[in-house]
Amino acid sequence: MLTIQRGGRVNASPLEPSVDTGQDLRLLVRAATMYHLEGLTQAEVAGRLGLSRPTAGRLIARARAQGLVRVVIDAPPHLAGSIHTDEEREIESLFGLDEVLIIDQSADGTHTGNAALGRAGASVLTRRLLPSDTLGFTWGPETVAVADSLGSRAANCRRVVQMDGSMTSVEYHTGVDHALSRFAERLGAQPLRLMAPLYADAETVTAMRRDSILSQSLGAADEADVMVFGVGSVSTSTTLFEGAYLDAAVLDELAGLDAVGEIGGRFYDVHGTAVESSLVDRTVSVSLDAVRNCRTTILVSGGAHRQESILGAVRGGLATTLVTDLTCAHWLISQQKGQR
């Protein structure tokens with residue numbers, strides 16, 4: 001809502017002479033009304049009032065500077081409770097993020113919570129993708145939900161690539177094939193599959209990076225223009241443990257190194273610094289440095305079970321955009337303010 005203050009005494013701007021409450025004030029109000037409420041251009045205001053365009057521009061600027069124009073944003077009452085602009089701006093300021101989008105539902109790891117994250121993540125992704133971009137993604141329920149929420153050709157990009165290996169020794173459904181095909185179909189992109197395990201011995205990883213086929217996918221993922229991913233925690237309830245990618249001994253090692261989260265199987269501490277575990281040279285995925293250097297990185301995650309993982313990621317510059325829920329948002333604010 002934008003209103004024009006039409007009465008009362010006007011305080012002059014320090015850079016402008018005082019104006020009286022007669023014809024000069026009327027001219028300020030009239031020019032501001034034409035420009036802000038009637039939608040006229042500055043040139044049209046000048047023509048209507050018999051002024052030069054620079055003079056009309058100065059009148060409009062003075063009206064704003066002297067408090068004659070006030071802008072009020074009013075969300076519809078039925079939506080006001082689900083829009084969290086204040087928290088979004090605060091997290092953006094605290095962590096230096098480009099954008100934060102807070103959903104109203106609880107991101108509790110259920111299908112409903114993941115679907116809500118996915119819808120919000122898809123809305124952010126379609127706004128930030130360019131036709132020439134390469135989109136990279138890590139597998140997981142949040143990114144599957146983002147892929148499922150994309151409208152047909154709501155945006156498009158050049159290619160989409162899997163950022164982390166997914167093959168394992170047991171039968172475990174990661175959703176990576178579904179996500180890759182859905183991203184490619186909905187975005188009109190060339191799909192690049194990474195046919196590799198997430199973890200292997202160091203010599204095998206080195207050989208895979210030299211392989212003519214695998215190196216194409218890994219190179220494209222490293223240089224992706226936009227990345228979308230969730231985060232995992234150091235816990236037996238994560239997909240990495242349930243899918244037999246990690247065992248209890250490795251989890252104990254990671255906990256001893258104060259790891260709090262992972263992106264693409266690469267673990268970091270609460271400050272977003274990579275932990276030097278036995279997994280570092282065995283991991284088939286983009287590096288955390290590649291994530292940090294990417295133009296646009298969209299972290300889609302929430303819930304109490306992911307709070308520390310999200311905190312480390314945003315503190316460490318691993319995300320430029322965050323999609324999360326309100327409970328997690330409040331926790332992030334309290335943690336970062338408490339650190340100061």
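Biologist: Which hand does the crossing of α1 and α2 have?

Modeller: The crossing of α1 and α2 is right-handed. Keep in mind that this is a predicted model.

Biologist: What kinds of residues make up that contact?

Modeller: By class, the contact of α1 with α2 has six nonpolar, two charged and one polar residue.

Biologist: And which residues are they, on each side?

Modeller: From α1 there are L27, R30, A31, M34 and Y35. They meet Q42, V45, R48 and L49 in α2.

Biologist: At what angle do the two axes cross?

Modeller: Roughly 135°, and the axes come within 9 Å. Here α1 covers residues 23-37 and α2 covers residues 42-49.

Biologist: Where does E38 sit?

Modeller: E38 is in the loop between α1 and α2.

Biologist: What does E38 touch, leaving out residues up to four places away in sequence?

Modeller: R30, T33 and R48. Of these, R30 is also on the α1 side of the helix contact, and R48 is on the α2 side.

Biologist: How accessible is E38?

Modeller: E38 has 39% relative accessibility, so it counts as partly exposed.

Biologist: Back to α1. At what angle does it pack with α3?

Modeller: About 100°, with the axes 8 Å apart. That makes α1 roughly perpendicular to α3, and α3 spans residues 53-65.

Biologist: Which residues make that contact?

Modeller: On α1, they are L27, L28, A31, A32, Y35 and H36. On α3, they are L59, I60, R62, A63 and R64. By class, the contact of α1 with α3 has eight nonpolar residues, one polar and two charged. L27, A31 and Y35 of α1 take part here, and they also meet α2.

Biologist: New topic, the aromatics. How many pairs turn up in the whole structure?

Modeller: Two aromatic pairs. F137 and F183 form a tilted one, at 5.2 Å centre to centre and with 50° between the planes.

Biologist: Where are F137 and F183 in the chain?

Modeller: F137 is in strand β4, residues 134-137, and F183 is in helix α8, residues 176-187. They are 46 residues apart, and the pair links distant parts of the chain.

Biologist: Is F137 buried or exposed? And F183, buried or exposed?

Modeller: F137 is buried, with a relative accessible area of 0%. F183 is buried too, also with a relative accessible area of 0%.

Biologist: Which residues form the other tilted pair, the one at 5.4 Å?

Modeller: W139 and Y245, with 35° between the planes. W139 lies in the loop between β4 and α7, and Y245 in the loop between α11 and α12, so the pair ties together parts that are 106 residues apart in sequence. Both W139 and Y245 are buried.

Biologist: One more helix pair. How do α5 and α15 pack?

Modeller: At an angle of about 40°, with their axes 10 Å apart. That makes α5 oblique to α15, and the crossing is left-handed.

Biologist: Which residues are in contact there?

Modeller: E87, E90, I91, L94 and F95 come from α5. L326, A329, H330, L332, I333, Q336 and K337 come from α15. The contact of α5 with α15 divides into seven nonpolar, two polar and three charged residues.

How values were computed:
Residues are numbered from 1 along each chain as its sequence is written. This is a predicted model: local features need pLDDT of at least 70, side-chain atom pairs count only at pLDDT 80 or more; totals for chains, interfaces and linings use all residues. Side-chain values use heavy atoms; hydrogens and water are left out. Axes are lines fitted to C-alpha atoms, for helices over the stretch in contact, and angles run from 0 to 180 degrees between N-to-C directions. Helices (H or I, at least four residues) and strands (E, at least two) are DSSP runs, numbered from the N terminus. A crossing is left-handed if the near helix is turned anticlockwise from the far one by less than a right angle, and right-handed if clockwise. Contact means heavy atoms within 4.5 Å. Ala, Val, Leu, Ile, Met, Phe, Trp, Tyr, Cys and Pro count as nonpolar, Asp, Glu, Lys and Arg as charged, and the others, Gly among them, as polar. Rings of Phe, Tyr and Trp (its six-membered ring) pair if their centres lie within 6.5 Å; planes under 30 degrees apart count as stacked, over 60 as edge-to-face and the rest as tilted. Buried means under 20% relative accessible area, exposed over 50%, partly exposed in between (1.4 Å probe, protein chains only). Angles under 35 degrees count as roughly parallel, over 145 as roughly antiparallel, 65 to 115 as roughly perpendicular and the rest as oblique.
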